[in-house]
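Me: Could you walk me through how to read a few features of a model like this one?
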Amino acid sequence: MITLSDVTKTYGDTTVLGPLTLSVPGGGITALVGPNGAGKSTMLTIIGRLTEPTTGTVTIGGHDITRTPSRELARTASILRQENHFVTRLTVRELVGFGRFPHSRGRLTREDNRHVDQAIEFLDLGELEHRYLDQLSGGQRQRAYVAMVLAQDTDYILLDEPLNNLDMRHAVAMMKQLRKAADELGKTIVIVIHDINFASAYADHIIALTRGRVAQAGPPSELMTRSTLEEVFETPVEVRRDGPHPLAVYYR
Amino acid sequence: MADTSTSLPTRPAPAPDVDRDRRSAPRLWPRFAVLGLVAVAAVVGVLVWNIPSTPGSRGFWLAVEMRFTTVATILIVACCQAVATVLFHTATNNRILTPSIMGFEAVYVVIQTALVFFFGGAAAAATDGLAKVAIQSLLMVGFATVLYTWLFSGRRGNLHVMLLVGVVLGVGFGSLSSFMQRLLTPSEFDVLSARLFGNLSMSNEAYLPWAALVIAIALGVVWRRRHHLDVIALGRDTATNLGLRYKREVTVLLILTSVLISISTTLVGPMTFFGFIVATLAYQLTGSSQHRHVLPFAFLLSVVTLLGGYFVLRHVFYAAGLLSVIIEFAGGLFFIVHLLRKGAL
């Protein structure tokens, strides 16, 4: 379980997040949705200790993120940001291998290599494993970074827009794999996602943020209503319920 | 791609780094071997080449002993410049800056200039000794440590702000130095400028064992952190995610850099581009991003360049003192070419 109490983030006089007090249930996929600038990424990076909150405390699986040693936290939760710049020349396999750093401190053991192999296979990167990152497309690189986070093998996985740059096939594959990781391995996955329909189809729990506050939270079936979505996204939306999942139609 | 560890069941377990080693070893070992041999040849060459006494005689060993000071100085400087530049590149996540941008060398210049300015050329020459060298190094390291911990470990710690402050302070110290230099008499200015350009054959002998000790400790710290360095090179967010305390790690790296640069500078004076050349060549020639490859390779390259250049200048052109001038000239050209080819900072 992830809990936030009284978390705020301000830049100067502008409050971009909070005050937030909420808990994200352990297990399953939780999707953070909301319009641009609602504070989704800020909330995620605060939970993942990449951004320092102005006030408030965050715990992940019982660990207070400011008091727990960073190394221990790295074996509990992993976080991936939207943009990852890199300077060094790395192959996909080397990058994924870095996911094992919190466990093996840089010397890959047989066990570590097994995790790396699994993560590479999980994200369908077998053919690319010896390619350099700068020779990959944006989507392939995105998958390589997700593979690194999976190789880290943490109970909590925080992903900021993991579907960025992915084509239809790989976006669906990524969501299926995350679903599988949640169902079979018991991971708790929190993702920031733009496509509300992916959230509806795959998430167990949706938290909708607007202007730094929680507007609505609940299972997709509750949230996927015309009134809620129109209020959150401030745009006309129609919700269709004729398929297996409610779908929002908002294109024109 | 069956190129995984599981396809090698015959390999004795546990075998760390199985995959990385297997792919990089065949490419890298010959290069390390060749470079290592050239480095050893350069050391031996500088030590024994062209000694008039018969090998094995007392005079021969005396000459070797005298040359050993030069060789030891060059080895220390080579090590400092190569390692410091690679560490600085890793810490700042940038491969074009050199540690001199932080104003280390400007501090050295201002100390030297102030000494001549306030106490005269004779005093500056008379006070040469271990104490002065140690104080000078401490001042440089102190300057850097204060700057880094103040600017980088704070709540708003930001690498770019720190670099900018470093540049501004460097320029400030430079202007202060040139102001004082204008007021010197020509003879004092002459004494000063002899000190300001690096000279490999004019180092301070008494300082060498201490420098070697400090460097050995610094290298020990660096080597123990070699895997951390690889992670730091991935950038702040990824390094934090992988469980490193990024600010602390980077501050340690910058302090190590300042220790190494200050030793090199107090031994032979400023060298702006040398570290940049060897670090850049090491990245390109190893093709590896792992510090356990890049650091030793940069060190060997650095030894070969400095000792080889020294050997050629001394025994072919009879102009050993000019080495650092030539290296800076070649290094400056290399820097510009690299910048233009890369097209961006």
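Below we talk through chain B and then a sheet in chain A.

Reply: Ground rules: this is a predicted model, where local features need pLDDT of at least 70, side-chain atom pairs count only at pLDDT 80 or more, and totals for chains, interfaces and linings use all residues. Residues are numbered from 1 along each chain as its sequence is written, while chains are lettered from A and ligands numbered from 1 in the order in which they are written.

Me: What does the secondary structure of chain B come to?

Reply: Helices (H or I, at least four residues) and strands (E, at least two) are DSSP runs, numbered from the N terminus. Chain B has 13 helices and zero strands.

Me: How many residues of H12(B) are buried?

Reply: Buried takes 20 or more other C-beta atoms within 10 Å of a residue's own, exposed 12 or fewer, and partly exposed is in between, with C-beta atoms placed from the backbone. In H12(B), 19 of the 27 residues are buried, so the rest of the structure largely encloses this helix. For chain B, buried residues make up 41% of its 345 residues.

Me: At what angle do H4(B) and H5(B) pack?

Reply: Axes are lines fitted to C-alpha atoms, for helices over the stretch in contact, and angles run from 0 to 180 degrees between N-to-C directions. H4(B) (130-152) and H5(B) (159-182) pack at about 145 degrees, their axes 9 Å apart. Contact means C-beta atoms, placed from the backbone, within 7 Å. Leu147(B), Tyr148(B), Leu151(B) and Phe152(B) in H4(B) meet residues of H5(B) including Val161(B) and Met162(B).

Me: Is Glu205(B) buried or exposed?

Reply: Glu205(B) counts as exposed because it has 12 C-beta neighbours inside 10 Å. Glu205(B) sits in the loop between H6 and H7 of chain B. Its C-alpha atom is 6.7 Å from that of Thr69(B), 136 residues apart along the chain.

Me: Which strands form the open sheet in chain A?

Reply: Two strands pair if DSSP finds at least two bridges between them. Here the order is E2-E1-E4-E5 with antiparallel pairing. E2 and E5 of chain A stand at the edges, each with a single partner, so one side of each has no neighbour in the sheet. Five bridges join E1(A) to E4(A), and Ser5(A) stands opposite Thr57(A).

Definitions and conventions:
Two residues are in contact if their C-beta atoms, placed from the backbone, lie within 7 Å.
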